[in-house]
Amino acid sequence: MNYRHAYHAGNFADVLKHALLALVIEHLKLKPAPFRIIDTHAGIGLYDLGSEAALKTGEWRAGIGRIVDAGLPAEAAAILAPYLAVVREINGPGPLQRYPGSPLIARHLMRATDRLVVNELHPEDHVALAKLFAGDAQTKVLSLDGWTALKSLLPPKERRGVVLVDPAFEEQGELERLAKGLGEAVRRFATGTFLLWYPIKDVKAVAAFRRSIAALELAKVLAVELMIRAPEDAQRLNGAGLIVVNAPYTLEAKLKVLLPVLVRLLAQGEGGKFLLHDLGSGAGALRKHPA
Ligand SMILES: C[S@@+](CC[C@H](N)C(=O)[O-])C[C@H]1O[C@@H](n2cnc3c(N)ncnc32)[C@H](O)[C@@H]1O
């Protein structure tokens, strides 16, 4: 396990992922019934943008650094408001010094009746995460393998909630694993919203991944992709995507407002664009159960 999110926290891919996570949580809050947020690959939860790791890549400057003080159009600003409120809240006035990971974004947005489960396998990162949430009765911190967590934590007793699956993509075959894991997870928690992050380097591999998600024949599945440049070099992170299962019905309209703004602000050179792919079968909660 070599991947450390501290090098990448706040980059363009985090902006897309965390903005969507915040939108899903805000939608869950529209009903009073409690829900659970499950983060299978959680990281450390809070990142120091002045750390050696963050300074080495400077990735956050081309991510949240371009968003936080941008004069956003009003509609896009309203859509990003819950996410940016957390970023501002943990920084206070003045320049950005810290960036919240998905666990902290979830923790700030959920209500007193909701629950958070955060899981991180890296021993040092797990300790940092456990320290961040020490004494928090609403948050459980685990150190399972994320793929095991995806099975063993589902379904949550609330039968409402969101599951974020955000692997490090260090190993071969992780896209295939993601598709397989999703099929099993939705079988356990068919009413849950799932957010699965994936990197876009080689577009052919990503197209095959999308086909494998569509082959699951889940009813409501959207692939949301943000390209920051034309994918000419398949070794680089040219874009990022999220598979969203059981998205809030309002999400697509919001994304059509937000994504053009993110493309304009986050593109690095020619070829920035966004894509929305409907990968759902549209019939029933889960039309075909994987074998
Ligand atoms: C992309 S980072 C997570 C970032 C976090 N979700 C966020 O948005 O702030 C992926 C994390 O997965 C952890 N990880 C890697 N392999 C894992 C595994 N098999 N099970 C659980 N966590 C794992 C890494 O240590 C890393 O912290």
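Three aromatic pairs are present in the structure, which is a predicted model. One of these pairs joins Phe 189 and Phe 194 in an edge-to-face arrangement. The ring centres of Phe 189 and Phe 194 are 6.0 Å apart, and the angle between the planes is 65 degrees. The angle qualifies as edge-to-face because the cut-off for that class is over 60 degrees. Phe 189 has a relative accessibility of 2%, and the value for Phe 194 is 0%. Both residues therefore count as buried, the limit being under 20% relative accessible area.

A further ring, that of Trp 197, takes part in a contact with a charged group. The charged end of Lys 17 sits over this ring, at 5.8 Å from the ring centre.

Arg 36 belongs to strand S1, which covers residues 36-39. The relative accessibility of Arg 36 is 15%, so this residue is classed as buried. The side chain of Arg 36 makes a polar contact of 2.8 Å with the side chain of Glu 158. In sequence, Arg 36 and Glu 158 are separated by 122 residues, whereas their C-alpha atoms are 6.7 Å apart in space. When neighbours within four places in sequence are set aside, the residues in contact with Arg 36 include Arg 115 and Val 117. Pro 156, Lys 157, Glu 158, Arg 160, Gly 161 and Val 162 are also among the contacts of Arg 36.

Asn 119 lies in strand S4, formed by residues 115-119. With a relative accessible area of 1%, Asn 119 is buried. The side chain of Asn 119 reaches the backbone oxygen of Thr 40, at a distance of 2.9 Å. Beyond residues up to four places away in sequence, Asn 119 touches Asp 39, Thr 40, His 41 and Ala 42, among others. Its contacts also include Leu 142, Ser 143, Leu 144, Asp 145, Gly 146 and Ala 149.

Empty space was examined as well. Rolling a probe the size of a water molecule over the atoms shows where such space is left. The second largest pocket has a volume of about 280 Å³. Its lining consists of 15 residues. Of these, His 27, Leu 28, Lys 31, Arg 160 and Thr 193 lie nearest the centre of the pocket. Helix H1, residues 12-28, gives the most to this lining, with three residues. Arg 160, one of the lining residues nearest the pocket centre, is also in contact with Arg 36.

Methods:
Residues numbered from 1 in each chain as written. Predicted model: local features only at pLDDT ≥ 70, side-chain atom pairs only at ≥ 80, totals over all residues. Heavy atoms only, no water. Helix = DSSP H or I, 4+ residues; strand = E, 2+ residues; numbered from the N terminus. Buried < 20%, exposed > 50% of the residue type's maximum accessible area, 1.4 Å probe, protein only. Polar contact = N/O pair within 3.5 Å; in protein donor to acceptor, adjacent residues only side chain to side chain. Contact = heavy atoms within 4.5 Å. Phe/Tyr/Trp six-rings, centres within 6.5 Å; stacked < 30°, edge-to-face > 60°. Lys NZ or Arg CZ within 6 Å of the ring centre and 35° of its normal. 1 Å grid on protein atoms, 1.4 Å probe; cavity = no way out; pocket = protein on both sides within 12 Å on 5 of 7 lines; lining within 4 Å. Points joined across faces, edges and corners; volume = space filled by probe spheres on them.
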